[in-house]
Amino acid sequence: MPTLQVTQVTKAYGQKRLFEDVDVSFNEHNRYGLTGPNGAGKSTFMKILAGELDPDTGTISRPKKTSVLKQDQFAYEDVRVLDVVLQGNRGLWAALHEKEGLLHKPDLTDDDGHRLADLESIIAEEDGYTAEADAASLLSGLGVPEADHTRLMREIPGGYKLRVLLAQALFGKPQALLLDEPTNNLDLDSICWLEGFLREYEGILVAISHDRHFLNAICTHIADIDYQTIITYPGGYDDMVMAKAGVRSRIESENAEKQKKIAQLQDFVARFSAGTRASQVQSRKKAMEKLQLADLKRSNIERPFIRFEQKRPSGKQTLTIEHLTKHWPGVKVADDFSALVTRGDKIAIIGRNGVGKTTLCKMLMGQLEPDEGTLTWGHEAKVGYLAQDHREGIPNDTTAAEWLHTFDHKAGNEEIRGLLGRMLFKGEEGLKPTRALSGGEGVRLIFAKLMLTKDNVLVLDEPTNHLDLESIVALGDALSKYEGTAFVVTHDRDLIEQFATRLWAFTPQGLVDFRGTYDEFLEKTGAAAVGTRAGTASGKRR
């Protein structure tokens with residue numbers, strides 16, 4: 001039975017030790033989610049599993065057919081899309097390539113004939129005669145249009161290139177499958193398709209994802225990086241969180257009882273050590289030696305404290321959209337779309353990639369003009385914005401604290417430090433140059449800015465990009481408690497279910513305004529109606 005075996009693995013960068021003497025087995029028929037906060041070492045550990053990075057100490061034993069989701073989307077620019085997928089099965093691809101070379105020889109020798117027979121056997125064993133059809137099926141499931149299957153990689157959009165690399169990893173029935181953030185750049189339909197595919201996968205799966213719903217849907221186990229080691233829990237992500245909290249709570253309770261008992265024994269020893277009860281004192285000392293407290297290392301899991309407030313509420317009619325029309329070449333973002341948004345509405349904007357969700361956000365912010373129609377903000381509407389490319393909004397020539405001060409010169413240093421602390425910028429990290437911020441730090445800094453400006457409307461375009469699971473949970477809590485109006489573009493289903501009271505959904509029938517929850521929307525329209533692969537939706541109001 002194939003096993004991915006990790007033995008006594010240690011990895012550190014400088015003084016920071018990510019994990020130490022890790023022993024863990026990943027077994028066939030099991031699907032593992034690799035979890036831990038940003039900086040815990042998830043991607044580093046995945047690279048060690050894949051053989052792309054050596055551990056400081058220890059060994060890795062992996063199945064011969066181990067497939068890895070590649071991250072370099074520009075590595076195959078002059079290769080046909082279908083051929084990129086076929087290269088996921090290295091043995092089959094080598095056999096097909098060698099066969100083609102032999103068939104182009106003007107004269108075949110007897111040895112060539114024998115070799116061709118061997119190659120035909122390899123191709124048959126690897127399902128080579130249905131390989132292109134199988135590859136096309138994977139691409140279609142992941143939302144890559146059929147017209148792109150025979151194009152070169154450099155001729156297709158960047159978002160589709162990542163899907164092609166995912167199809168490559170899935171192709172050829174690998175014994176072990178290593179996926180680092182496979183849902184990035186996937187829309188809701190493609191994520192649902194991938195979940196179904198992975199649930200049927202019979203090999204060893206190890207996946208990193210910040211999508212809690214995805215992990216709960218596919219995982220039989222969670223391998224959690226914490227306390228400088230990896231602990232495996234049965235079940236999905238939510239099961240792991242409950243089990244982990246339960247174990248820690250039990251150990252804390254047991255330690256508290258032991259500490260109470262030790263204090264009583266110490267009191268007895270202190271009172272009678274100089275008296276006539278020497279034997280009893282020795283007995284108490286031995287009892288204290290046996291009452292060792294369980295080692296309870298500090299967890300590296302941290303959750304930011306996000307709370308969006310408003311200085312003053314907007315008018316009841318927050319936004320009026322009348323006959324909005326916006327077209328790009330080949331894409332109808334909206335076609336005669338009208339909607340009235342009232343104070344406190346929480347709107348999730350959903351749909352396939354490329355249908356115009358970011359364009360809609362930019363029109364809300366006045367950064368793009370509609371072709372026809374109007375968007376009119378109501379009385380005292382004050383809008384806070386997190387762009388999809390959020391780093392463009394943060395200058396590079398300042399620090400996190402100085403940038404926050406530009407939005408409220410009256411804010412004291414203590415208030416700014418408090419905001420940064422709530423967003424996990426500890427101690428002097430608020431003085432960190434903005435050019436050095438990671439993706440997750442940049443998003444958390446913008447959250448701190450929105451908490452400082454206290455806008456009564458929020459427009460958040462893909463806010464979960466770069467966030468770890470704990471931060472996404474905190475964001476969901478903040479949005480559900482926010483008393484203002486929110487427009488949020490996201491593919492995270494748990495987040496949508498947590499905060500949204502209304503959906504603007506790009507469907508094959510157009511841009512739909514649906515009043516209700518995401519579950520109600522799916523029940524009414526069906527799971528496949530959340531977007532359009534071709535991006536040709538027209539706008540209607542429901």
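Where is the place of Asp 127? I found Asp 127 in the loop between H4 and helix H5 (131-141).

**Ground rules.** I am working on a predicted model, where local features need pLDDT of at least 70 and side-chain atom pairs count only at pLDDT 80 or more, while totals for chains, interfaces and linings use all residues. Residues are numbered from 1 along each chain as its sequence is written, and side-chain values use heavy atoms, with hydrogens and water left out. Helices (H or I, at least four residues) and strands (E, at least two) are DSSP runs, numbered from the N terminus.

Entry 1: I looked up the backbone of Asp 127. Its phi is near 55°, a positive value in a residue other than glycine. Most residues other than glycine have a negative phi. Asp 127 is partly exposed, with a relative accessible area of 35%. On this scale, buried means under 20%, exposed means over 50%, and partly exposed is in between (1.4 Å probe, protein chains only). I then turned to Leu 424. Leu 424 is not a glycine, yet its phi is positive, about 70°. I located Leu 424 in the loop between helix H13 (413-422) and helix H14 (439-453).

**Entry 2: H3 against H4.** I checked how helix H3 (residues 90-103) packs on helix H4 (residues 110-125). The angle is about 150°, and the axes are 9 Å apart. Axes are lines fitted to C-alpha atoms, for helices over the stretch in contact, and angles run from 0 to 180 degrees between N-to-C directions. H3 and H4 are therefore roughly antiparallel to each other. The cut-offs are under 35 degrees for roughly parallel, over 145 for roughly antiparallel, 65 to 115 for roughly perpendicular, and oblique for the rest. From H3, the contact (heavy atoms within 4.5 Å) includes Leu 92, Ala 95 and Leu 96. From H4, Leu 116, Leu 119 and Ile 123 are among the residues that take part. I sorted this contact of H3 with H4 by class: 9 nonpolar, 1 polar and 5 charged. Ala, Val, Leu, Ile, Met, Phe, Trp, Tyr, Cys and Pro count as nonpolar, Asp, Glu, Lys and Arg as charged, and the others, Gly among them, as polar.

**Entry 3: H6 against H7.** I repeated the check for helix H6 (residues 158-170) and helix H7 (residues 188-200). They pack at about 10°, with axes 13 Å apart. That makes H6 roughly parallel to H7. I saw Arg 163, Leu 166 and Leu 170 of H6 meet Ser 190, Trp 193, Leu 194, Phe 197 and Leu 198 of H7. By class, the contact has 6 nonpolar, 1 polar and 1 charged residues.

**Entry 4: the sheet of 6 strands.** I traced an open, mixed sheet in the order E5-E6-E7-E3-E8-E9. Strand E5 (66-68) and strand E9 (229-234) stand at the edges, each with a single partner strand, so one side of each has no neighbour in the sheet. Two strands pair if DSSP finds at least two bridges between them. Strand E3 (residues 31-35) and strand E8 (residues 221-226) pair in the parallel sense over 4 bridges. I noted that Leu 34 has Ala 223 of E8 as its bridge partner.

**Entry 5: the sheet of 3 strands.** I followed another open sheet, E11-E10-E13, with antiparallel pairing. Its edge strands are strand E11 (331-342) and strand E13 (372-377). Strand E10 (residues 317-328) is joined to E13 by 5 bridges. I found Ile 321 opposite Leu 375 in E13. Helix H11 (residues 357-364) lies across E10, E11 and E13, at about 130° to E10.
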